[in-house]
Amino acid sequence: MSESLAATSNVLVYSSMTVYVVAFAAFALDLSGRGRTVPAVRRRAEPKALVGAGAPSRARGGTSEVQDDEALVRRRAAAVGVTTTWLALLLHGAAVVTRGVSAGRVPFGNMYEFTLMGAAVVTAVYCTVLLRRDLRYLGVFVVGPVLLTLGIALSVLYTESAQLVPALQSYWLVIHVSVATVSSALFVIAFSANVLQLVQERRERLVAAGRPPRRGRFMERLPGSVELERAAYRLIAVSFPLWSFTLVAGAIWAERAWGRYWGWDPKEVWTFVIWVVYAAYLHARATRGWDGRRSAYLAIAGFACVLVNWGIVNIFFPGNHSYAGIG
């Protein structure tokens with residue numbers, strides 16, 4: 001075990017938190033509407049088949065330069081937020097790797113390492129989604145929780161680097177915990193979208209009633225409540241199969257480690273409770289037409305169970321998973 005590498009990991013965590021603060025400030029500036037923008041990209045349009053008599057001569061010449069209404073407006077503050085989030089992720093990932101190398105194992109041995117890795121995966125999932133969809137408006141609501149989580153990890157959950165207990169010395173540790181972490185990261189981002197959906201829906205009702213709220217003007221820069229609800233649904237639809245695999249993989253690992261697939265351990269029970277709540281959410285939305293506030297409340301209840309599973313069951317409930325607790 002290398003103490004110097006463990007110390008390096010701690011320095012990298014603090015460094016990543018510093019960069020996360022910059023990213024958070026940039027995303028917040030963008031939401032405030034004060035981030036400078038670059039005009040939308042212009043594109044060359046192909047000439048139409050029929051050109052009116054009053055059409056500009058340059059259009060009749062073959063092509064014309066028109067404003068692309070669907071072009072993505074580049075917001076400088078948001079661009080800074082995305083760039084610094086990627087930089088923070090690199091530092092955060094390096095902290096996770098050096099922590100694992102310092103002990104000669106995967107960094108999943110205790111609550112501090114679970115939390116450190118989980119926060120990194122949240123950022124990684126968000127950055128990956130940004131490559132395909134413009135979710136920059138969620139930056140504050142993703143980077144903020146990641147910062148808070150790292151603060152809790154360092155101040156409350158920190159544990160010195162050490163070897164794994166026998167029950168964790170299995171390749172199922174990597175499979176089970178990795179998939180669970182990715183699934184949880186998707187649940188975190190979906191939760192942010194659900195909360196914003198509820199706030200946006202209330203704002204839309206007030207505006208429709210002729211009583212626009214004076215506070216929260218930044219919400220005008222966010223998508224409508226329907227789009228936010230759909231974004232949350234897509235994220236949960238991807239995360240739920242991963243959580244299902246987590247439940248099954250955990251049972252297989254339990255049989256290898258303790259000789260039984262299911263033992264009503266508190267961790268096992270709450271993992272199943274999370275699965276039930278999110279299954280109910282997907283079923284209600286798909287077959288009963290639940291959308292809007294009702295679906296958001298059910299999804300938020302599922303995330304509340306995720307928080308209980310992480311912050312209460314791991315620490316305060318005795319059981320076979322007690323090795324995941326502090327220390």
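Asn10 counts as buried, because its relative accessibility is 17% and the cut-off for buried is under 20%. This value, like every other one in this account, was computed from a predicted model. Asn10 has its place in helix α1.

Helix α1 covers residues 3-32 and packs with helix α3, which covers residues 76-103. The angle between them is about 165°, and their axes lie 8 Å apart. Angles over 145 degrees count as roughly antiparallel, and α1 and α3 are therefore roughly antiparallel to each other. Their crossing is left-handed. The residues of this contact divide into 22 nonpolar, ten polar and two charged.

A glycine in another helix provides a further example of a buried residue. Gly144 belongs to helix α5, which spans residues 139-155. With a relative accessible area of 19%, Gly144 is buried. Which residues does Gly144 touch, not counting residues up to four places away in sequence? They are Phe24 and Gly139. Gly144 and Val21 are 123 residues apart along the chain, yet a separation of 8.3 Å is found between their C-alpha atoms.

The aromatic rings may now be examined. Two rings are taken as a pair if their centres lie within 6.5 Å, and by this rule the count comes to nine aromatic pairs. One of them is formed by Phe191 and Phe303, with 4.4 Å from centre to centre and 20° between the planes. This pair is stacked, because planes under 30 degrees apart count as stacked. Phe191 lies in helix α6 (residues 171-208) and Phe303 in helix α9 (residues 293-316), so the pair ties together parts that are 112 residues apart in sequence.

Are these two phenylalanines buried or partly exposed? Phe191 counts as partly exposed, at 26% relative accessibility, whereas Phe303 is buried, with a relative accessible area of 6%.

Ring pairs also join residues into a group. Phe240, Trp262, Trp264, Phe272 and Trp275 are linked by such pairs into a cluster.

Definitions and conventions
Residues numbered from 1 in each chain as written. Predicted model: local features only at pLDDT ≥ 70, side-chain atom pairs only at ≥ 80, totals over all residues. Heavy atoms only, no water. Axes fitted to C-alpha atoms, helices over the stretch in contact; angles between N-to-C directions. Helix = DSSP H or I, 4+ residues; strand = E, 2+ residues; numbered from the N terminus. Parallel < 35°, antiparallel > 145°, perpendicular 65-115°, else oblique. Left-handed = near helix turned anticlockwise from the far one by under 90°. Nonpolar A, V, L, I, M, F, W, Y, C, P; charged D, E, K, R; others polar. Buried < 20%, exposed > 50% of the residue type's maximum accessible area, 1.4 Å probe, protein only. Contact = heavy atoms within 4.5 Å. Phe/Tyr/Trp six-rings, centres within 6.5 Å; stacked < 30°, edge-to-face > 60°.
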